[in-house]
Structure formats: C-alpha cells, structure tokens
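Student: I've got a model open and I'd like to talk through it with you. Can we go piece by piece?

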Amino acid sequence: MNGTIEAPTIEYALLAPLLVVFGAAIVGVLVEAFAPRYLRSAIHLPLTLLSLAGAFALAVWQALKGVPTKPAAMGAVAVDGPALFIWGTILILAFVSVLLIKDEEHFVGSAAAVPGSAEEEQALIERAAHTEVYPLLMFAVGGMLLFPAANDLLVAFVALEVMSLPLYLLCGLARRRRLLSQEAAVKYFLLGAFSSAFFLYGTALLYGFAGSVELARINLALGTVGGQDTLLYIGAALLGVGLLFKIGAAPFQAWKPDVYQGSPTPVTALMASGTLVAAFGALLRVFWVGLGGLDWDWRPVLYGVAILTMVVGAILAITQTDIKRMLAYSSVAHGGFLLIGVIATGHTQAENTSALSGLLFYLVAYGFTTVGAFAVVTMVRDAGGEAWHLSRWAGLGKRSPLLAGVFAFFLLAFAGIPLTSGFFGKYAIFQAAVDNGATPLVIIGVVASAVAAFFYVRVIVLMFFSDPAADGPSVVLPSRGTAAVVGVAALATVVLGVYPQPVLDLAHTAAQSLFVR
Amino acid sequence: MPWLSTLMGVSVLGALGVTLVRNDKLAKQFTLVVSLIVLALTVAMAVQFSPNGDKFQFAETYDWIPAFGVHYGVAVDGIALVLILLSAILVPIVVLASWHDAEAGKRSVRTYFSLLLVLEAMMIGVFAATDVFLFYVFFEAMLIPMYFMIGSYGGAQRSYAAVKFLLYSLFGGLLMLVAVIALYSIAGKGTFMFPDLVGTIQDVTTQKWLFLGFFIAFAIKAPLWPFHTWLPDAAAQAPAGAAVLLVGVLDKVGTYGMLRFCLELFPDAAKFFTPLVITLSVIGIVYGAIVAIGQTDMKRLIAYTSVSHFGFIAMGVFAMTTSAGAGATLYMVNHGFSTGALFLIAGFLIYRRGSQFIADYGGVQKVAPVLAGTFLVAGLSSLSLPGLSTFVSEFMVLTGTYQRYVVPAVIATVGVILAAIYILWMYQRMMNGPTAESVKSLPDLNAREKWVVAPLVALLLVFGFYPKPLLDVINPAVKDTLSSVSVTDPQPAVPVAQEGQ
C-alpha cells in the first residue's frame, strides 16, 4: 500500500468495434438534442448503418490480424475468437434489423400519450416520430457486443443493463395495439429487473466465495477455496437464473411470448436474433470459463433445463394462434436445442471446440432465419396493422405465392429439414452432443423437433392448402429495406443449407482456441 | 460421363424451366420431354452397367462438407439401378396420366409439374447415394415436394393426409438422424461413405440400437404393420399420379434402406431382429389383405393391398436367402408397375365419375371395355397371376423364405389367396353386373390414357415371361449384400423348383 494507483492499460484497437458502436450511440443522442426534427431521420439512418458496418469491418480486421490470447482492458473484456465471431454475427444481424426499423411506421408518434387519447391523435397528425429509436438501438447493440465478451461479472452486469434498458423502452413503442405494446414493455422491464437482481446477487455471492469477480479467478478459486460451498452454489445458481432468463429457457420463458408479441416487429426481430446470440455467448463464457471446474454440478441442472425448455417450447407453440407468439415459443424451443450445445462439453479441447463451433454455427443460421421470418410478418397486413392471427394467414400462398413460399422455407428451416441452414445447425449440435455422451438429450431433442415440426407445418398448411378468407390481409409492397432483409435472410438460409462449409470453417477457427482466460 | 449427376441435373433444371414457362400446356409438354430425356439417359446408363463388374458403378465422389465428413457420393449397384429405372419409367407415365389432374383445384399447374421433376431428381438421388448422410438428406428432403403435391392437389381431406404423411415420415427420419450421427461417432472413421462404414460397428449391442434407429424410419416409410396407418390416408387423398410415385417409388426407399443399410451396416443386429421383422411382415401380409377386402374406397383398397405387398418385400429382405432377396428386389420393381397401373386406372375412373367409392360403379366393362380390361390385367398382376411379372417375384420370395422359415412362408401364402379375393371382388363389383345408371355414359380410355396404360401392361407381361435381364442385374448385388451379412443359403432338404422362370 504505497498509495499510488497504476493507470490501467486499455487496448483501444481491440475494443474499437465496441467503441464505434457506443460512439455512434452517443452521437445519435446529440443529434436528437440538436438537429431539427425533419433532419433527424436522415442523419440517424446513415450514421447507424455506417457505424455498424464500420464496427463489423474493424472486427473482421481484428480477426484477420490475429486473435489475442489475453483479455483486454486489464482482464475486463475478452476479445477472443468466439467473441469476435459473435460480434460479427450480432453486427450483421443488427444491420439487417436496422433496415427493417427504417420503415418508421412501425413506431408510435408519441409514446407518452395515453392510447386512444387526443394527444396521440395529434401526434399522428403532426407526423411526430420517435427518432430516438436509432440511438437506443445502438446502445442495445453495444450492450450485446460487450455482454458475451465480458470477462468479469461486473462488466457482464453493466453490459446486461446497457443491452436491456434500451430494449425495454423499444418494446413499448409499437404504433398499433398500443396497450399490448405497453404491457410488453412493463412486463419485460419488471421481469428483466428481477433477473438482473438475481444476476447481481449471484455476482456478490461469488465474490464472497472467490474474492474476485473475474471469471478466471473464480475458476481458480474453485480448486483452492474450501468451506465456502454454500456461497458458491447459491451464487452460481442465481447467476444461472439471470442468464437463463435472457435466453428464455424454461422455467424462465414466460416473458418471451408477451414481449415478442407486443414489441414492434423489427425490434422483436433484433431481440430474437441479436439478444439470443449475445446471451448465449455470455452464458457460455460464464459456465465454461468461470464455472468450468464446477461442471459436475451444473451439468445435471442444465440437462434438466434443456429438456424442459425444448419440451415446453415445442408443446406450448402448438397451442398458439398468433404468429408472433408462435415464433416466440419456437425461439424458446431453439434455445433448448442450443443449450444442448452448452452441455456437450468433453474432456479434450477438440471436443469442446466441436461443441462451440456447432453452437456458433447454429446461432448464425437461426439468427438470419429469424430476422427473415419477422420481416415477412411485417409485410402481411390488414386494416388493423400487421395480421398476427394465424387464421388470417389462410390462403396466403394463393394471393402472394412468392412471399408465402419464402416464409414456408423459413419455417422448414426452423423445423430443421435438410437443405436448409437449420438442419446443419441442429446437426452440428447433435453431433457434438453424441460425441460427448449426451445421446439421451439428443433423442429428446429430435422428438421435440418432430413436435415442433407440427406447428411449423400447420402454418404451411394454412398458407397453401386452405382457401383464402374473403377479407383476408393483403401483402404490402415491401420497402427496399424490407425486401433486402427478406432476400438476405432467404439467401443465407439457402447457402448455409446447401454449402455450409465456409461458415463452419469460420466457426471452427473462431472456436479453435476456445475462450481466453 | 457423370451419369447420375446428369440425371439429377436434368431433372432439376427441368423443374426450374417449368416454372419459367408461362403457358400451362407448354409446361406440361416441357415436363414430359424432360422426363423422357431422363428416361432415355437412364436407359443409356443401364445398358452400360456390367452386372458382374464392380459392386458400385458410375461412382462419383466429391467432398461436400469436409467438416462433417460428408461427401457428395453417388453410384449404383444392381439393386439401386433397377429402382432408378423404375422411377425414370414411372415419371413420364405419371406426367402423361396427370395431364388434367392439377387443373381441377384451380391451383398452379406449373408448380405441380415442377414438383414432380424435383421429386424425380430426389428419387434418383436417394437410391444412388453412397454417402449415408447424403442418403439421409434426400430421404428427408423428398418429403417436401410430395407433401405439397398431396396437400395442394389432393382430395377433400388433403391437408390432414399431407400433414400425417409428413409428420410420420419426419419422426422416423429424425430417429434415423440420431442413429446416423451415432454411427459416425462410433465408427470414428471421419467419413459417411457407405463402403467405408460397412463392418466398422462390431459391438452387437451398439448394432442393435443403431439398427432400430434406421429400421423404424424404414418401417414407417415402407410401411410395415403397425407403422402403416398414414399410407391409406395419404394414398387415398393424393392425386392419382402422386399416389403412384408415393406407393410405387417413395415407399420403396424404406425396403431399399432395409436391404442396403440395415443388413449391411448392422449384420448381427439384423440377424437378431429377423424373427421380429418376419413376424411383423407376416402380420402385415395377412392384415393388409383382410383390411383391403373390407374397403369401400378403391384408392384405400389399393393402398392396403400395398401394405400386404410390402410385407412380402420385407419378408424377402430379411429371409436372407439369395432367392428371397432377389425376389424382394424384383418385387419392388414389379409392385411399382402393377400398383402404378391400378392407381392410374382408378384415377381415370375417378376423373370420369367423380367418386372414389366402389359402390358408385357397376358394369363398367360394358361401356368401357378397354378400361375394364386393363384394370383387370393390373389387378391380376397385383394378385400374382402366373404369366405376369409379380408372380415371379412373389414366388421367389415365398420359396426363398421357405428355405429358412417354413411357418411364416406358409402363412404368407394365405396372403396370395386373400389377394385374389380383394382384387376379383372389387373387379366384380365395379366392372361386372348390370351397368349402373351413373356410369352409362362413361367414355372409354382416350388415346392419351391408352399411352399411359400400354407401357405398364407391356412391362408386366414382358417381365412376367422374361425376368432374366432384371434378375441378372439384381442377383450379383443381392449375393454381395448377403455375403457382407455373411449368411449362406441353407441347403434344401428336398430340391426346390427352378425359380425365376
């Protein structure tokens, strides 16, 4: 204790993608403050897209330059292979989602106005718009980038909040069905706040156990600290609750259908893809790095959670009559499949690499298909806005065969039919699980897939084999952005389903050295 | 020349081409031409096949997904070759037979024919695949075009039937996926190529589990009793052309899979489960036939006869004698022609009268003699009348099974008698007797329909009298398969009759 504090070293180059995204978010706030209303949108859009593209380029450059073997920023942020891969994925998915968001009629004119009141009417007439959507989105994306890279639990908590808070707000901004949207925002906020509290409490207990919040030190303490098992177990359990909430694993899945349904569909697309990717990245890092030595204890629990998640997701999805709720439960079921990959660790690095690379591939495949599916949902509308009720989708295949065909293709990809990306995603994870002795889990996984196939196929039946309703919804002519999103998603689903090798190689390279410690 | 890739490529390009043609009539003609080109190419390939040459010929192997050890590997042996020939022959016939089928429902005609060609490519691929993973991909992917064909163009209950068909097959396929993955992991060869995987699984318990994973998928597909319940619905609701391909070719993938994968990859397990499979087959033979007798809907009746016939095929596969194995393979081909003819002629009748029910017909023979006559020939072939091709195969299966399993063979023979009842009784109710009022003005087969039926009847007769060309191709392949299961034909106590004549 000589009273001097050493200045921390920050590897700015490594953190550049993060800094660009956060910088753009802050510039976006300034634009909101100083630019005239009619200009804001015109500034925000290029700013957002360019900074996302720039951050992506920086991440790629970093990956080409060589992946560092030590955590950056005094051990707080780990920019390693998996983190860079996840960053790339999130940045592309965010870019694509922004193209959907650009269509501003998804968002309310004045969120503070009571639904159905004169103020709301007034805001619509004045063509008011919440252009803060863009900076909010950038903060959320920044949080998503930081969350899977966080190498200590406090940074992870900060990232979790930076990611979640803007999303709570964005959920409440839907233009139509205001009450549902507000309900979604409140529900997500309250439950999310609870889960954050769990996460924080878990962090505190683990600090009590290990004397550090750094993942590597906690792992080290697992072998050296004795007599503090209560702290360890409760801490790890609370941490797990916080993380499993974010991926919507059962029994913490209850928020997903309500939030996915109420949110503006482009925001749902971002949550269903980006947030899921980020949360899985963080879950992997915490459980593999921080609690890696404890795997004998958490594996059986996650085993149960994975089974429950797959079963609950697949079965509850069958009973849904709303397309967005159905996709939400489908996302729950897919979370269960992904959890198989988290459990499928083995004894050697090669085995872990195959599990990790399978998981990374699955995340990419699922992310693209999900964004595409929600993009299609934005296009099927009737007088009351988007037509969510499944009965309204009857006969869509006759009215607009192309769109219905693309959507059917996305659904088949979710169901994991060969020659779509979803098949290879599932295959990669199942293969890793069988290699590492989790065959019973795989059998439950395929049974859940078969159940899940039922509700995907039911939508196809409705679209193609049923006769259209007389006053059925019409398909709006997509804006260029939306059309591009659907096109990119369909292309990704085809290419990853027919020739997945390049992306598999990429995922394998990224997973090669596993997480840095 | 990469024959097999060319065959698939022509079909796929044809399917894309059909969607681009703006005119429905032109689209049909285009499809017919494409399917005839594929047939011509297939025949040209088959002629070059040397029955006593390498086991797998026309082989092409490229890396597809090295990360998973997956190859694009295609090749044919005698068994695969005759099944590909069957597919290639049936598709143009089905195209011609379905000329007006797709128009009824006000749905896109072009899509129907495009799906037909996609399906053809996948049928060729599934039989030609020498990579187990590639086989699985085709096995699952080919459900999708058939699903849309049943669901969009089928009868009143079409969406129910289509979903039932898809979910049953998908469920079986997913169980197989687990077995495929486990096979790869346990073999530890880093490859999915079938020849490399043969003989790698030595542990009998492992073999049994993997066998079950594959077998259940194939038993649902074939379908064997008690996994058959989807077939009558799917076949009855599918348009006639799709029903022909469904029962004639797609279901053969199940029995083909048993012969190729279950036997060769898991020989010990196959021997262990043989009593079970033979029992299921025999139950299926008798059960299918009895239920067929009770049907009032002719498409369902034909579907149930197929359940009975698939029992024969599976019994032949698992009897593990050369004669039964070759008979079962020949049966797969002949059943495709005879049931195909039955479904198509039934389809013509339904198109004319608008009803699938046997009770709505009567005395058709007097107003439409050619239609009734060809229906009789197809029916007689289905009940294995000597002189028609199915007789040869059924006889071979029965004698081959008798060499090893006497009681099942004897019980199965009951199926032959029951077959006479369901076919002849149906014929009697529909074609003989006083002409029903509703069919008084029923037109006979027109030129197009005659062109559809003629090749099938010709094939039934030709292979009934002279099955040698097919058997020459099939026999070495079956012998090879059985030798890798390491079984030899039992020495008969009394000399059996000379088969295959």
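Student: Is F58(B) buried or exposed?
Tutor: Keep in mind that this model is predicted. F58(B) is found in strand β1 (residues 57-65) of chain B. Count the other C-beta atoms within 10 Å of F58(B) and you get 21. The cut-off for burial is 20 or more, so F58(B) is buried.

Student: How do the residues of the contact of α3(B) with α11(B) divide by class?
Tutor: On the α3(B) side, the residues include I79(B), L83(B), L86(B) and V94(B). They meet residues of α11(B), among them V244(B), L245(B), K252(B) and R260(B). By class, the contact of α3(B) with α11(B) divides into 12 nonpolar, three polar and two charged.

Student: How are α11(B) and α14(B) oriented to each other?
Tutor: The axes of α11(B) and helix α14 (residues 322-353) of chain B come within 8 Å and cross at roughly 165°. With the cut-off at over 145 degrees, α11(B) and α14(B) are therefore roughly antiparallel.

Student: What is the handedness of that crossing of α11(B) and α14(B), and which residues make the contact?
Tutor: The crossing of α11(B) and α14(B) is right-handed. From α11(B), the contact includes A243(B), V247(B), G248(B) and T255(B). From α14(B), the residues include M332(B), G336(B), G340(B) and F343(B).

Student: How many nonpolar residues are there in the contact of α11(B) with α14(B)?
Tutor: Six residues of this contact are polar and one is charged. The nonpolar count for α11(B) with α14(B) is 11.

Student: Over to chain A. Why can I call it as compact as a globular protein of its length?
Tutor: Chain A has 20 helices and three strands. The globule rule gives 24 Å for 517 residues, and the radius of gyration of chain A is close to that, so the chain is as compact as a globular protein of that length. The radius of gyration is 22 Å.

Student: What percentage of the residues of chain A count as buried?
Tutor: For scale, the C-alpha trace of chain A spans about 75 × 55 × 40 Å along its principal axes. Among contacts in chain A between residues at least 6 apart in sequence, 80% join residues at least 24 apart. Of the 517 residues of chain A, the buried share is 60%.

Student: Which element gives the largest share of the side of chain A that touches chain B?
Tutor: The contact takes 25 residues from chain A and 27 residues from chain B. On the chain A side, the elements that give two or more residues are α17 (421-435), α18 (439-465) and α20 (501-512) of chain A. By class, that side has 18 nonpolar, five polar and two charged residues. The largest share, 12 residues, comes from α18(A).

Student: Which residues of chain B does I417(A) touch?
Tutor: I417(A) is found in the loop between α16 (401-415) and α17 of chain A. With 25 other C-beta atoms within 10 Å, I417(A) is buried. Within chain A, I417(A) touches L412(A) and F423(A). In chain B, I417(A) touches E140(B), A141(B) and I144(B).

Student: Last one: which peptide bond to P251(A) is cis?
Tutor: P251(A) lies in the loop between α9 (229-247) and α10 (255-262) of chain A. P251(A) is 28 Å from I417(A), C-alpha to C-alpha. Omega is near 5° for the cis bond, which runs from A250(A) to P251(A).

Definitions and conventions:
Residues are numbered from 1 along each chain as its sequence is written. Chains are lettered from A and ligands numbered from 1 in the order in which they are written. This is a predicted model: local features need pLDDT of at least 70, side-chain atom pairs count only at pLDDT 80 or more; totals for chains, interfaces and linings use all residues. Two residues are in contact if their C-beta atoms, placed from the backbone, lie within 7 Å. Helices (H or I, at least four residues) and strands (E, at least two) are DSSP runs, numbered from the N terminus. Ala, Val, Leu, Ile, Met, Phe, Trp, Tyr, Cys and Pro count as nonpolar, Asp, Glu, Lys and Arg as charged, and the others, Gly among them, as polar. The radius of gyration is taken over C-alpha atoms; the globule rule is 2.2 Å times the number of residues to the power 0.38. A residue is buried if 20 or more other C-beta atoms lie within 10 Å of its own, exposed if 12 or fewer, and partly exposed in between; C-beta atoms are placed from the backbone. Axes are lines fitted to C-alpha atoms, for helices over the stretch in contact, and angles run from 0 to 180 degrees between N-to-C directions. Angles under 35 degrees count as roughly parallel, over 145 as roughly antiparallel, 65 to 115 as roughly perpendicular and the rest as oblique. A crossing is left-handed if the near helix is turned anticlockwise from the far one by less than a right angle, and right-handed if clockwise. Lists of a residue's contacts leave out its neighbours within four places in sequence.
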